[in-house]
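Please open the model in your viewer and keep the selection tool at hand. The stops below follow one another, each with something to select and something to look for.

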Amino acid sequence: MQDFAQWSLDIIREEGASLSWLEEQRFDWTNPLSLALEQILNGKTIILITDEKRKWLETYILCSINSMNLDRPLLPIVSMDSLYQHYRNVSGGEMIDVVEDMISLSYKDDYFFWYIGKGDDKRADIAKRKDTSYFWIFDEEFHNGFTLKSYDPIIDIKLLQLYKLFDASLNATIFGEVDVNS
């Protein structure tokens, strides 16, 4: 079984110049992704949260991750908005506690948040409170996060490339081609 960091480097290099920007950041990419993949393999539900500017990516991920033409098990993934439609209006720790309690009751703590967006967006607050959350976070460093720059002129292209690599990593992990624990 191949080491996940080396496998990621090989995949990045196979893509050529279009993904060369990620080669220098590969350890920043593989370390948090390993934790997320391990949680997925352990059957945890993914609760996807994005800031408003990345809603398009949320829709894309939700439509793609369990596509009918994939030859892998279906993954439990839901958007935060589908769990609590008014989440975009939640502010303050007490209301976040109420939402988090509802999620914990529903999923028995067998879930983790995947947040994509700016770190200072209030939608990130619930994910930032859980140590096992996974982040594609803009303009700040955060535990279990891969940092991007919101002002990057090709950020949307990079997000799609990251999702493609995430999906390939997911397949390689599910089918035992790589070891995310090494």
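In which helix does Trp-56 lie? Select helix H4, residues 55–64, and you will find Trp-56 there; helices are DSSP runs of H or I with at least four residues, strands are E runs of at least two, and both are numbered from the N terminus. The model is a predicted one, in which local features need pLDDT of at least 70 and side-chain atom pairs count only at pLDDT 80 or more, while totals for chains, interfaces and linings use all residues. Residues are numbered from 1 along each chain as its sequence is written, and side-chain values use heavy atoms, with hydrogens and water left out.

With a relative accessible area of 32%, Trp-56 is partly exposed, a class between buried (under 20%) and exposed (over 50%), computed with a 1.4 Å probe on protein chains only.

Next, select Trp-29 and Trp-136, both of which are buried. The structure holds 16 aromatic pairs, where rings of Phe, Tyr and Trp (its six-membered ring) pair if their centres lie within 6.5 Å, and planes under 30 degrees apart count as stacked, over 60 as edge-to-face and the rest as tilted. The rings of Trp-29 and Trp-136 have centres 5.8 Å apart and planes at 45°, so this pair is tilted. Because Trp-29 lies in helix H3 (residues 26–41) and Trp-136 in strand E5, the pair ties together parts that are 107 residues apart in sequence.

Move on to Tyr-115 and Phe-135, whose ring centres are 6.3 Å apart with planes at 65°, so the pair is edge-to-face. Tyr-115 is found in strand E4 (residues 111–118) and Phe-135 in strand E5, so here the parts tied together are 20 residues apart in sequence. Tyr-115 is buried at 0% relative accessible area, and Phe-135 is buried at 1%.

Now select Leu-48 in strand E2, residues 45–50, which counts as buried at 0% relative accessibility. Leaving aside residues up to four places away in sequence, Leu-48 touches several others, including Glu-58, Ile-77 and Trp-114, contact meaning heavy atoms within 4.5 Å.

Finish at Asn-144, in the loop between strand E5 (134–138) and strand E6 (145–148). Asn-144 is buried, with a relative accessible area of 12%, and beyond residues up to four places away in sequence its contacts include Pro-32, Leu-35 and Phe-135.
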